[in-house]
Number of protein chains: 2
Amino acid sequence: MSTSSILSPERRIELNPFDVDAWNLLLRESSARPIDQARIFYEKLVTQFPNAGRYWKAYIEHELRAKNIENVEKLFERCLFKVLHIDLWKSYVYYMKETKGHLPDFREQVVEAFDCAIDRVGIDIQASQIYLEYIQFLKNVEVVGQYAENQKVSAVRKVYQKAFSTPVLNLDGIWQDYCTFEKAVNVNLAEKLIADRVKEYQHVKKVLKQMEQIMQGLNRQAISVPPRGTVAEQKQVDLWRKYIAFEKTNPLRTEEVGLKAKRVIYAYDQALLSLGYHADIWYESACFHEKIVVELKERGDLTVAETIEQETSKLYNRATSGLMKDTPLIHFAHADFEETKGNYDMAKVIYDKLINFENSDPTLAYIMLMNFVRRTEGVRAARQIFQRARNDKRCQFHIYIAGALMEFHCSKDANVAQKIFDHGLKQYGNIPEFATAYVDFLTHVNDDNNTRVVIERLLESHEISTELRIDMWDRYLDLETRVGNATSLHKVDMARRQALNETYEDRQALFLVDRFKFLNLWPCTSDQLKLMGYNKINRLNSGNSTTAAT
Amino acid sequence: MSTSSILSPERRIELNPFDVDAWNLLLRESSARPIDQARIFYEKLVTQFPNAGRYWKAYIEHELRAKNIENVEKLFERCLFKVLHIDLWKSYVYYMKETKGHLPDFREQVVEAFDCAIDRVGIDIQASQIYLEYIQFLKNVEVVGQYAENQKVSAVRKVYQKAFSTPVLNLDGIWQDYCTFEKAVNVNLAEKLIADRVKEYQHVKKVLKQMEQIMQGLNRQAISVPPRGTVAEQKQVDLWRKYIAFEKTNPLRTEEVGLKAKRVIYAYDQALLSLGYHADIWYESACFHEKIVVELKERGDLTVAETIEQETSKLYNRATSGLMKDTPLIHFAHADFEETKGNYDMAKVIYDKLINFENSDPTLAYIMLMNFVRRTEGVRAARQIFQRARNDKRCQFHIYIAGALMEFHCSKDANVAQKIFDHGLKQYGNIPEFATAYVDFLTHVNDDNNTRVVIERLLESHEISTELRIDMWDRYLDLETRVGNATSLHKVDMARRQALNETYEDRQALFLVDRFKFLNLWPCTSDQLKLMGYNKINRLNSGNSTTAAT
């Protein structure tokens with residue numbers, strides 16, 4: 001047996017806060033305890049797994065068993081619209097139906113709850129129970145008078161029709177029920193009403209079959225945890241993608257872009273309940289939102305377009321305030337989305353929020369903010385971001401490179417760029433990426449003398465790593481090969497050999513290769529290079545080396 | 001049994017001209033035939049394995065058995081000084097001793113042959129037989145008169161002393177012989193003479209023991225074949241290096257730089273008999289020559305310095321006319337050596353020879369010649385090389401890049417450089433390395449408009465590969481991220497997604513990553529990138545990725 005059988009669940013969670021099995025053990029213990037003693041645990045549970053419908057449901061039902069109605073309502077408020085989990089919603093309508101009986105507007109409240117549930121999760125293949133309970137509830141309503149009776153029939157019919165136009169499990173049963181219902185209402189009219197709908201029902205039935213097949217193996221109860229790249233996990237990702245792709249084909253053949261979109265978005269939402277740590281799924285969902293908005297606008301359906309556009313912002317907010325909090329990619333995507341919509345202030349807030357995260361490295365966020373400000377307000381304003389970033393002690397060297405290159409590429413001012421690099425060099429001279437970026441820059445502006453000066457300054461330093469030292473010598477040799485005369489080339493070649501002799505274990509041929517290569521042209525075969533112990537070939541060109549002679 | 005047992009040796013050699021076992025089978029057959037029928041085979045053999053002493057020896061001995069003295073002499077001439085193989089040389093002195101008896105200057109010729117052998121291969125650990133035969137030969141010479149007798153004794157003593165001051169096998173026997181010899185000459189003097197030398201003998205004996213240990217496992221009969229990177233082969237390379245390194249420590253503790261050098265060079269020469277296809281060993285030997293020249297010059301020993309300098313040229317010639325013919329690296333090293341010595345004409349001849357090789361790609365050689373001419377004659381002369389290369393149909397696109405960058409970096413003329421690139425683009429636009437080099441160039445000179453133009457021209461072409469298409473879209477996005485405004489950035493971002501959608505299998509997040517990275521700063525963890533299927537991360541920074549947030 002593994003160590004997990006020896007350690008306590010508490011200890012296991014300490015070691016791995018995403019050990020779902022350990023949490024489940026604690027959950028079982030907690031549910032047997034009085035709610036007052038279990039509440040702290042439940043709060044921990046839903047904080048750690050904020051999109052786990054199953055855990056919210058367990059928490060709520062425990063409160064409900066203790067009849068803490070106020071707590072129950074607060075909990076539903078916290079999770080219901082963020083976590084579109086079918087069982088959680090079933091729990092909700094059950095709660096509404098069972099506990100609101102004493103209220104004067106009981107009927108209206110329950111109808112509203114059912115309508116809301118159908119709007120939010122009625123698409124779910126497991127939604128049939130909600131439809132049937134809703135119908136039962138409507139049927140049970142006691143009404144007086146023909147008008148009210150007609151209204152009741154019409155309401156029940158509407159829910160039936162909604163149900164059998166949706167691929168849900170037990171579709172046949174619902175259809176049979178509906179037929180019986182119509183025949184009971186009016187046996188003469190029934191035939192026509194049923195005939196009108198039977199084709200739709202049959203098509204939905206076919207789609208349901210396809211869905212059942214496609215969703216086979218999908219673990220919808222899986223709790224979102226950071227991916228570990230296991231085969232089982234990848235299998236789930238593939239299955240979810242297949243399901244989403246299926247919905248994108250518009251299997252119900254609806255003309256309504258809004259409905260098609262809703263079904264795809266529901267598929268994404270369901271996927272994100274289990275794959276909430278997969279940034280790409282979040283982003284693909286957002287991209288789908290945007291695509292649909294374009295489609296709707298082209299069709300002139302501006303109202304729905306605007307709703308979905310707002311949904312996109314909400315989706316991003318849900319991601320970045322939840323499981324994607326530590327994934328700058330999604331914050332950036334959100335900022336970018338707002339930028340394309342012209343919401344520049346909003347975009348800025350998003351960048352700033354990311355920059356102000358505690359215990360995080362804000363460098364990339366600063367650089368992206370700087371880019372954004374340059375685009376929307378110009379270089380002058382972007383310079384202020386650079387100043388702000390420079391003064392932020394958490395920032396890495398990259399900001400200097402970004403700042404310098406902005407001056408070079410946007411203001412076309414090589415002098416200012418060089419000053420910024422020079423300034424950065426004092427602080428970050430021993431960092432390979434910074435040094436190479438600076439030397440690259442000087443090479444590009446053809447400033448041979450300063451290139452030499454900077455390289456020599458770096459080589460004199462005692463702080464630079466062996467790797468950087470080698471790289472700098474290589475660049476020095478490149479420079480002299482490119483522009484030097486025989487004397488300067490020989491001098492640098494010799495100095496380089498002397499300096500790197502130990503590192504290269506006196507393998508003189510390795511020094512030679514660097515003298516006589518050009519791009520992917522090598523002065524001997526790749527086999528020869530490998531045998532000599534030359535290891536830069538893979539770094540420089542991935543596999544497709546050619547040799548000058550054959 | 002392997003297929004080799006089924007195929008005839010001739011067929012095996014057709015399949016692999018370096019199948020030494022097959023050649024050996026044919027050699028055995030040939031040596032049983034009359035020489036007239038075997039000569040063609042022997043010529044093939046020594047052409048295929050020009051530095052194999054064993055094969056030359058077999059050829060010569062066959063001619064000798066047939067008493068074709070003229071052929072024997074011609075063959076010795078062809079190989080003796082190029083192939084310092086101990087058995088071949090033993091064969092030579094035997095031949096001289098046994099066949100020259102009828103000549104009036106017989107004694108002088110044989111003495112000369114022995115002296116030459118000792119000069120060339122006397123260092124060899126297996127040279128004792130040569131010393132002993134030489135001594136025996138000298139002892140057998142009949143002389144008349146005390147003066148001649150004294151001369152004879154002195155000549156024998158000299159060879160003895162040379163022998164026991166060299167770590168050769170059977171050193172003890174030689175020493176005992178020597179002692180006996182001195183005692184026979186003059187028992188009174190013997191004691192002092194022996195006492196004078198005993199310390200040296202004892203030290204040499206110690207060195208011999210070390211050598212025996214170091215050379216254990218060294219297969220000195222191995223024939224040079226192109227390396228295949230096997231473990232056994234690497235083992236031999238390591239052993240040779242160990243032996244060479246040992247000689248470099250000057251184990252005999254000689255003050256004479258020349259003698260130390262000679263021993264190291266002999267070790268290199270021996271290694272190259274078996275490792276003649278290892279470019280690095282050739283070059284290391286040349287480097288050692290150069291190092292010794294510097295040392296000798298510092299000590300004021302200019303004559304020996306010059307001899308060794310001439311030996312370096314000869315070494316390079318031996319390499320490039322022999323097994324290193326197809327290895328441009330060694331040709332370049334040779335040209336470079338001549339350049340540093342000021343022999344510019346010689347260097348040019350070497351480059352030209354390499355360029356004129358049939359069936360070879362001369363591009364790299366042209367580029368190196370262009371560099372060389374620029375260094376020694378200036379840019380104007382180098383331009384002529386560029387023109388010559390352009391007109392050479394065998395040349396690849398690299399020459400245009402080299403020519404353009406020379407104008408940019410050396411003449412500091414971006415316009416001329418751009419014209420050259422433009423010219424090359426017409427011919428090589430579909431070659432990724434060329435296109436990216438051109439776009440890089442335009443980026444470095446901050447020519448945003450032309451960068452856009454060139455990228456778009458490439459993207460419109462139907463000939464470019466998917467790989468280049470992706471790369472160009474990446475560069476386009478980089479450009480707009482760097483200098484574009486919100487509109488142009490969005491336009492390119494969208495166009496790129498549309499163009500690459502199929503390639504990226506609709507994985508929108510992959511497009512996003514490229515928007516929001518900066519150097520080695522990534523907008524999510526490397527695990528996340530891997531899971532998304534983002535595969536550029538390894539190409540861009542080898543493993544040391546950092547993420548902006550933690």
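Select helix 6 of chain A, residues 86-99: with 14 residues at 1.5 Å a residue it should span 20 Å, and its end C-alpha atoms are 20 Å apart, which agrees. The expected span is 1.5 Å times one less than the number of residues; helices are DSSP runs (H or I, at least four residues) numbered from the N terminus.

This is a predicted model, in which local features need pLDDT of at least 70 and side-chain atom pairs count only at pLDDT 80 or more, while totals for chains, interfaces and linings use all residues. Residues are numbered from 1 along each chain as its sequence is written, chains are lettered from A and ligands numbered from 1 in the order in which they are written, and side-chain values use heavy atoms, with hydrogens and water left out.

**Helix 6, chain A**

Colour the buried residues (under 20% relative accessible area, 1.4 Å probe, protein chains only). They are A:I86, A:L88, A:W89, A:K90, A:S91, A:Y92, A:V93, A:Y95 and A:M96. Their cover includes helix 4 (53-65), helix 5 (69-79), helix 7 (106-121) and helix 8 (128-140) of chain A.

Show the side chains in contact (heavy atoms within 4.5 Å). From helix 4 of chain A, A:G53, A:W56, A:K57, A:I60, A:E61 and A:L64 meet A:D87, A:L88, A:S91, A:Y95 and A:T99 of helix 6 of chain A.

**Helix 4, chain B**

Move to helix 4 of chain B, whose 13 residues reach 18 Å from first C-alpha to last, close to the 18 Å expected at 1.5 Å a residue. Buried here are B:G53, B:Y55, B:W56, B:A58, B:Y59, B:I60, B:H62 and B:E63. Helix 2 (20-31), helix 3 (35-48), helix 5 and helix 6 (86-99) of chain B are among what covers them. Next, pick B:K67, which follows helix 4 of chain B and has a positive phi, near 60°.

Conventions. Helix = DSSP H or I, 4+ residues; strand = E, 2+ residues; numbered from the N terminus. Buried < 20%, exposed > 50% of the residue type's maximum accessible area, 1.4 Å probe, protein only.
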